[in-house]
Amino acid sequence: MINEIGFVGLGSMGQPMVLNLLKAGYKVKVFNRTPEKTNEVVLAGAEKVERLSDVASPGGIVITMVSNDQALEEVVMGPNGFGEKLGEGGIHLSMSTVSPDTSRKLAAYHKKYNGLYVASPVFGRPAAAAAQQLTILTSGVKEAKERVKPVQEALSQRIFDIGEEPGNANVLKLGGNFMIMAAMEAMAETFNLAEKNGIDRKLAAQVYGSSIFDCTIYNGYGQMIAKKEFEPAGFQLSLGLKDCNLVLNEANATKTPMPLANLLHNRLLASAAKEREHQDWAALTRISMEEAGLE
Ligand code: NAP
């Protein structure tokens with residue numbers, strides 16, 4: 001049974017996740033590159049470690065929730081990385097949104113030390129993380145998934161098992177993020193059409209969100225796009241651009257035409273060029289508003 005967990009990455013998602021682990025009774029050792037971000041979780045009972053590798057105990061479990069593929073590789077395999085120390089029987093529960101290839105590479109790396117890798121990317125923004133309402137997609141070796149299940153349950157409302165191939169949870173996570181971006185673009189174009197006909201954008205959002213598109217994504221992002229409010233960012237546009245690049249890489253690698261992903265990539269790039277990387281990724285819809293002469 002797991003009762004102690006190491007956690008790396010105390011950003012917008014990591015902090016509420018650690019608070020939930022503490023609430024569930026786990027002892028949590030935390031490390032963050034910028035040490036001040038550990039203050040809140042330390043107050044709630046987490047133990048801060050000075051050296052990254054000290055989050056791991058041999059044969060234990062470490063959760064990572066860092067920004068991107070490069071950061072993830074660094075914290076596992078870089079100087080002072082925790083991978084080697086986690087060692088035999090240790091499990092790395094990797095919850096960032098990264099490429100399927102990075103998951104496969106890290107699974108092979110941990111295997112060298114007889115350790116195990118479980119990919120567990122999530123759907124849900126920081127507020128959902130705080131409310132223990134994340135949805136987890138999980139892939140990896142069966143016994144490892146069974147061992148981490150209680151930990152995943154302390155963080156989420158639902159867990160989907162995507163099989164043993166370590167990258168497959170990441171494939172479905174990236175697909176989901178692609179569909180969110182496509183929904184945001186579709187809503188923006190539709191609300192623009194409404195506004196140009198003198199119809200309140202918020203009314204349009206209400207009509208769709210309470211009838212034919214009554215779901216989390218249309219209701220949550222629909223409000224932001226209708227009100228044109230993109231700050232504070234729950235999920236930064238820079239991270240959305242990272243994910244869209246990962247989608248296109250995967251599309252290339254598997255010869256899967258995704259013309260819509262190319263359009264969304266251009267929207268995100270144009271937004272980055274306009275220095276909107278720190279706004280919420282829903283701000284990608286500002287480009288279509290500008291094209292329609294509405295901003
Ligand atoms: P965030 O607030 O930007 O936090 C990123 C974390 O990664 C910080 O702790 C940061 O440390 C750390 N980090 C970045 N580069 C690093 C490096 N080279 N070495 C060590 N640590 C590094 O991001 P977030 O919103 O929490 O997202 C984290 C992951 O969850 C991402 O993969 C994101 O795509 C995914 N995700 C996010 C959401 C969301 O709504 N926010 C939803 C689902 C999934 P510093 O504090 O030192 O910068």
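1. Helices (H or I, at least four residues) and strands (E, at least two) are taken here as DSSP runs and numbered from the N terminus. By that scheme, Ile199 sits in the loop between helix H8 (168–196) and helix H9 (201–209). The model is a predicted one, in which local features need pLDDT of at least 70 and side-chain atom pairs count only at pLDDT 80 or more, while totals for chains, interfaces and linings use all residues. Residues are numbered from 1 along each chain as its sequence is written, and side-chain values use heavy atoms, with hydrogens and water left out.

2. The ligand has 26 residues around it, and those that come nearest are Ser12, Asn32, Thr34, Lys37 and Ser67; a residue is near a molecule if one of its heavy atoms lies within 4 Å of it. Sorted by class, this shell holds 10 nonpolar, 10 polar and six charged residues, where Ala, Val, Leu, Ile, Met, Phe, Trp, Tyr, Cys and Pro count as nonpolar, Asp, Glu, Lys and Arg as charged, and the others, Gly among them, as polar. Helix H3 (69–77) and helix H11 (237–253) each supply at least two residues of the shell, and the largest share, three residues, comes from H3.

3. Thr102 lies in helix H5 (residues 100–112), and its side chain is joined to that of Ser99 by a polar contact of 3.0 Å. Such a contact is a pair of N or O atoms within 3.5 Å; within protein, one must be able to donate a hydrogen and the other to accept it, and residues adjacent in sequence count only if both atoms are side-chain atoms. Thr102 is classed as buried because its relative accessible area is 6%, given that buried means under 20%, exposed over 50%, and partly exposed in between (1.4 Å probe, protein chains only).

4. Ala119, in strand E6 (residues 116–119), also counts as buried, at 0% relative accessibility. The C-alpha atoms of Ala119 and Thr64 are separated by 10.0 Å, although these residues are 55 residues apart along the chain.
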